[in-house]
Amino acid sequence: MVLLESLSTDSDQWKQSIMQYHLNGYRSGNPSVATVTSDAKDTTQAVDVLIVGCGPAGLTLAAQLCHFPDLSIRIAERKHGPLDVGQADGIACRSVEMFQAFGFAGQVIKEAYQVNEVAFWRPGPDGQTLHRSELIEDVEDDLSEMPHLILNQARVHDFYLEQMANSAQRLTPDYNRELIALSRSENTRYPLTATFNCLNDDNKTETIAARYVVGCDGARSTVRGFLGQELKGESARQLWGVMDILAVTDFPDIRKKAAIQSAQQGSLLIIPREGGYMVRMYIELEELPGNERAADKNVTPETLSDKARAILSPYTLDIKQVVWWSAYEIGQRVCDQFDNRSGNLEDHLTPDAFIAGDACHTHSPKAGQGMNFGMADSFNLGWKLAAVIRGRVKPELLPTYSQERQSKARELIEFDKDMARLFSDKPKDAQTAAQFQRYFKKHGRYTAGVETRYDRSIITGSTENQQLASGLPVGMRFHSADVIRLSDAKPMQLGQTLLADGRWRLIAFADNTDTGQATKPIASLCNYLSEDPNSPLLRFTPPGSDIDSIIDVRAVFQAAHRQLSIENMPALLLPEKGIHRLIDYEKIVCADTASPPDIFTRRGIDRINGALVVVRPDQYIAAIFPLNDYNGLAEFFSRFMIEV
Ligand SMILES: Cc1cc2nc3c(=O)[nH]c(=O)nc-3n(C[C@H](O)[C@H](O)[C@H](O)COP(=O)(O)OP(=O)(O)OC[C@H]3O[C@@H](n4cnc5c(N)ncnc54)[C@H](O)[C@@H]3O)c2cc1C
């Protein structure tokens, strides 16, 4: 399937056009609409993957799995149709990087509000009147090539739904389906049976058999219950009021993200919204003890408006329209495990039922992580599930989902607790206010989603060669930088070539003497990869498939693009592909020497020795090797891949 990047008005968008198409013959029309192939299966009562829930976690997973036409998928949702307003809105830089991999970052950037600065307000020297205590930049320089954005969760859903509808499966959700039971059957191929109430058809139920079930069914997850997992954490839950409004105010920072701590009236978080006029206000209400629910508190839009006015006073707030509002409770909780390796549905060494998103962790909206974290869960799980079902990797890979994401969710809960406490503290003095601001600044990288670091596992190697690429830490996401493509001198972001297509990447950074000559390390590596029987490319690429279909090899040279000759480059970097054996000219890039510091300096690549960086299909760095450590590379892939 080909991925679309539409152009937007953003000045950097020209760097984002990375589509390749017409490989197997010219096809007119919209290239982002995949051809329905004979591989596409009938997905009625038995499927490879059944996803429950159409929130950001479920839709990310569905969009990822749709990349593989040979997988059968269904996604069921209790609601009557797509979400059209409300819920989360914060999109971290890391999520925008992921959207780029799916091919719709440009559209999101075009529509969204971009967070550039954060204002902190607290009582002034008189202890009463609000004053702005600090303005800070929201995203530090070179944290990501992508911005921090605010956009209605419903629009994010729309983009995923469009991807699914354009895929070879033409996948659309089954709305009005409420999961009521999940059990294990005797069926060895499709061992899980899910039963749904058909809400649009009185008294009817539908059963779907599946090889794998993923519960993306939110904080009150039904799948979680069937897995025997529970959310554990604080028993008191915080009640939050949130409203999206169109209003007239004399508060000067209404178009900035602003954290306001009033002397007596509580705290307010202002999030300007997309479109230039709408604003979201988060208002912390009270703790809910025991079983009390948000609904018991009789919160109304008037309650929220009055509270917002009181906090903002003496500034005025004339609300013209409450577009959406909600009062919802949040507990900081996480499950022990995100799969069924223990608990109900029998013990399993290799899990076949999973939970993702709010179904396995919940936290306050202060750090803006609800939607982002759930999407990251699914991005972690999706390629693993696809690779196992397609017989490319060993099922032993699957437990790494829960291992990796559960520990990250725990870190998030700890972070969220600190953030929530500091936000809610009454501003006693300048010192406590400064402490909150410092905390906020320090953790900017965390809230941007770029601090995630996975521990060592079968798919994350050691750090013994980290010095070869000190700015690309093993276990963290591949941090992009500017490069120039050799074949057409196109300025681009290297990270944006890492699409959500399930492929592994070998990114070979050349030493400073290497311009592609046959005697130098890049050519030697390419020779090994294309000819040696131990080469992971030869061992794991199915016969007849394009040579880059499982492991995609790319090279980055230090020399300026005009100093290199494409005709002298190793054949593996100009692979012949598709039915016509057309040449793929997009594997070789060069440092952007005209705009220093270049990618080698920015990412700490050893200029003398170069480096070979192995990147997972979800863009996380799996391992780093010297360019000539062929055995190390072969051993790494043989841990989890299945020989063809
Ligand atoms: C009312 C509400 C307001 C929110 N407001 C904010 C906010 O202002 N800011 C913020 O940051 N976060 C907010 N959140 C949280 C944020 O939306 C979530 O963190 C994020 O959506 C998590 O994504 P998810 O895919 O894990 O779950 P969800 O988005 O909750 O999606 C789960 C989906 O599963 C469906 N489902 C549940 N049970 C079943 C079943 N048995 N059968 C079939 N389908 C089922 C649900 O209908 C839902 O569509 C809000 C959440 C809610 C529910």
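Trainee: Where is Asp-142?
Mentor: Asp-142 sits in the loop between strand S6 (130-137) and strand S7, where helices (H or I, at least four residues) and strands (E, at least two) are DSSP runs numbered from the N terminus. This is a predicted model, in which local features need pLDDT of at least 70 and side-chain atom pairs count only at pLDDT 80 or more, while totals for chains, interfaces and linings use all residues. Residues are numbered from 1 along each chain as its sequence is written.

Trainee: What is phi of Asp-142 near?
Mentor: Phi of Asp-142 is near 55°, a positive value in a residue other than glycine.

Trainee: And why does Asp-142 count as partly exposed?
Mentor: Asp-142 counts as partly exposed because there are 13 C-beta neighbours inside 10 Å. With C-beta atoms placed from the backbone, a residue is buried if 20 or more others lie within 10 Å of its own, exposed if 12 or fewer, and partly exposed in between.

Trainee: Which loop holds Ala-489, and is Ala-489 exposed or buried?
Mentor: Ala-489 is in the loop between strand S20 (482-485) and strand S21 (491-493), and with 10 other C-beta atoms within 10 Å, Ala-489 is exposed. Ala-489 also has a positive phi, of about 55°, although it is not a glycine.

Trainee: Back to S7, then: which strands form the open sheet with S7?
Mentor: The order is S3-S7-S4, three strands with antiparallel pairing, and strands pair if DSSP finds at least two bridges between them. S4 and S7 (residues 149-150) are joined in the antiparallel sense over two bridges, and Tyr-113 has Ile-150 in S7 as its bridge partner.

Trainee: Why is one side of S3 and of S4 left without a neighbour in the sheet?
Mentor: Strand S3 (90-91) and strand S4 (113-114) stand at the edges with a single partner strand each, so one side of each has no neighbour in the sheet.

Trainee: How does S1 run with S2, parallel or antiparallel?
Mentor: Strand S1 (residues 46-52) and S2 run parallel and are joined by four bridges, and Val-49 has Ile-73 in S2 as its bridge partner. Within S2 (residues 73-76), Ile-73 and Ile-75 point one way, Arg-74 and Ala-76 point the other way, and all are buried. In a regular strand the side chains alternate between the two faces of the sheet.

Trainee: Which residues of the largest nonpolar core touch the most other members?
Mentor: Of its 177 residues, Val-49, Ala-62, Val-108, Val-213, Ala-356, Ala-508 and Val-613 touch the most other members, and H7 gives this core its largest share, 11 residues. A nonpolar core is a set of buried Ala, Val, Leu, Ile, Met, Phe, Trp, Tyr and Cys residues joined through C-beta atoms within 7 Å.

Trainee: What is Ala-62 in contact with?
Mentor: Leaving aside neighbours within four places in sequence, Ala-62 is in contact with Ile-51, Ile-73, Ile-75, Met-164 and Leu-171, a contact meaning that the C-beta atoms, placed from the backbone, lie within 7 Å.

Trainee: New topic: how many residues surround the ligand?
Mentor: There are 33 residues around the ligand, and the closest are Gly-53, Gly-55, Gly-218, Gly-357 and Gly-370; a residue is near a molecule if its C-beta atom, placed from the backbone, lies within 6 Å. At least two shell residues come from each of helix H1 (56-65), strand S8 (177-184), strand S16 (317-330) and helix H7 (370-389).

Trainee: Which domains does the shell draw on?
Mentor: At least three shell residues come from each of domain 1 (44-110 + 151-233 + 333-419) and domain 2 (237-330), with bounds taken from an automatic or database domain assignment. That assignment also gives domain 3 (466-638). The centres of domain 1 and domain 2, taken over C-alpha atoms, are separated by 30 Å, and their contact takes 10 residues from domain 1 and 11 residues from domain 2.

Note on methods:
Two residues are in contact if their C-beta atoms, placed from the backbone, lie within 7 Å.
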